Amino acid sequence: MLLIDKYRDEFAQFLKENITKTQPETLYDPIHYILNLGGKRIRPILTILSTDIFKGDYKKAMFAALAIEIFHNFSLVHDDIMDKALLRRGKATVHTKWNLNTGILSGDAMLILAYQYFERYEPHIFRELAIIFGKTALEVCEGQQYDLDFENRNEVSTEEYLKMIEYKTAVLVGAALQMGAVVAKTTQENKQIIYDFGVALGIAFQLQDDYLDTFGNAKTFGKKIGGDILENKKTLLYIKTFENSNPSQKEELASLYTTSCSVSEQEKIERTTTLFKSVQSDILLREEIENYTFKAFSFLEKLNISEEKKSILRQFGTDLMNRNV
């Protein structure tokens, strides 16, 4: 998509110009490192795109987009610490490359930097952006805590899991789009609808991530395949398998997901993946990804924008559903 590529390139240049190195280097070098690892830049692109589709000057959305990207990367730095992850986007995680304390402190600094970028806007726009940001940031923390809590439970319902990923991942996608709508000064109705579109799309995005974590290609995905399994993450693959397994399969799955599991990492991944496939949880997950993508598309029909603009958002969602990175 040429328009999306244009936004991505312009945002990358904007980030480069506005994230300058300062002292102490031991605090700011890790921030530059994580922000320059690349990534898909989905959230800032959506902020810029949202401003554009509501007939605003998309260049005015750059600072809001930068705040969203910095906050997202802050959450990744801290998530990697909690997950004890070694790789992020195919490179060493911040706490691995530096140390645990640096990862925590640099992440804290990123959260503060993100908020400061909203100060570039006029007072009433700043206030609205700050309210969205505060609500979203707290929900992301709540989602992360749900995720951690689930690691110590054998049974997690589909409803509980979907609520967790809505908070941990999807609300930030919704907020990114809503902030763009705020910068464009569109109607309250449009702001709410574009948020709802983003949340549904964000859930589909996370479900696709779950799928790729087990069935993706490590070279394109940028993370170790099977990482969720090794971390005992109760993803929808696990939940559907536990729901649809016979007693002996349930017992094996529960055994593999204990902290005292004695098999090698590779064997744990292989045996768990076999269990997932045995009850077609991979197929069920693909169906859920499609369901949430098309749910997102249903919100587009309510937006007061041109069909051309709707088609851009629809194509963006389709690309996310079919991605392998």
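Serine 50 lies in helix H3, where helices (H or I, at least four residues) and strands (E, at least two) are DSSP runs, numbered from the N terminus. With a relative accessible area of 0%, serine 50 is buried, a word that stands for under 20% relative accessible area, with exposed meaning over 50% and partly exposed in between (1.4 Å probe, protein chains only). The model is a predicted one, in which local features need pLDDT of at least 70 and side-chain atom pairs count only at pLDDT 80 or more, while totals for chains, interfaces and linings use all residues. Residues are numbered from 1 along each chain as its sequence is written, and side-chain values use heavy atoms, with hydrogens and water left out.

When neighbours within four places in sequence are set aside, serine 50 is in contact (heavy atoms within 4.5 Å) with Leu177, Gly180, Ala181 and Ile194. Although isoleucine 194 and serine 50 are 144 residues apart along the chain, their C-alpha atoms are separated by 8.1 Å. Not counting residues up to four places away in sequence, isoleucine 194 touches Ser50, Ile53 and Phe54, together with Leu177, Gln178, Ala181, Leu303 and Leu313.

## How H3 packs on H4

Helix H3, made of residues 42-53, packs with helix H4, made of residues 62-83, at an angle of about 160°, and their axes are 8 Å apart. Axes here are lines fitted to C-alpha atoms, for helices over the stretch in contact, and angles run from 0 to 180 degrees between N-to-C directions. The angle makes H3 roughly antiparallel to H4, the term used for angles over 145 degrees, whereas those under 35 count as roughly parallel, 65 to 115 as roughly perpendicular and the rest as oblique.

H3 and H4 cross in a right-handed sense; a crossing is right-handed if the near helix is turned clockwise from the far one by less than a right angle, and left-handed if anticlockwise. On the H3 side the contact is made by Arg43, Pro44, Thr47 and Ile48, and on the H4 side by Met62, Ala64, Ala65, Ile68, Glu69 and His72. Sorted by class, the contact of H3 with H4 holds six nonpolar, two polar and two charged residues, where Ala, Val, Leu, Ile, Met, Phe, Trp, Tyr, Cys and Pro count as nonpolar, Asp, Glu, Lys and Arg as charged, and the others, Gly among them, as polar.

## How H4 packs on H6

H4 also packs with helix H6, residues 100-116, at an angle of about 160° and with the axes 8 Å apart, which makes H4 roughly antiparallel to H6. The crossing of H4 and H6 is left-handed.

In this pair, Ala67, Ile70, Phe71, Asn73, Phe74, Val77, His78 and Ile81 of H4 meet Leu100, Gly103, Ile104, Gly107, Asp108, Met110, Leu111, Leu113 and Ala114 of H6. The residues of the contact of H4 with H6 comprise twelve nonpolar, four polar and one charged.

## Backbone details in the loops

Most residues other than glycine have a negative phi, and most peptide bonds are trans. The peptide bond from glutamine 23 to proline 24, however, is cis, with omega near -5°, and proline 24 sits in the loop between helix H1 (2-18) and helix H2 (25-35).

Lysine 84, a residue other than glycine, has a positive phi near 55°. Lysine 84 is found in the loop between H4 and strand E1 (87-88), and with a relative accessible area of 68% this lysine is exposed. Lysine 185 is not a glycine either, yet its phi is positive, about 60°; lysine 185 is placed in the loop between helix H8 (158-184) and H9.

## Lysine 295 and tyrosine 7

Lysine 295 is part of helix H15, residues 281-300, and its relative accessibility of 42% makes it partly exposed. Between lysine 295 and tyrosine 7, which are 288 residues apart along the chain, the C-alpha separation is 25 Å.

## The chain as a whole

The protein chain has 16 helices and two strands. Its C-alpha trace spans about 60 × 50 × 30 Å along the principal axes, and the chain has a radius of gyration of 20 Å, which agrees with the value near 20 Å for a compact globule of 325 residues. The radius of gyration is taken over C-alpha atoms, and the globule rule is 2.2 Å times the number of residues to the power 0.38.

Of the 325 residues, 55% count as buried. Among contacts in the protein chain with a separation of 6 or more, 72% are accounted for by residues 24 or more positions apart.
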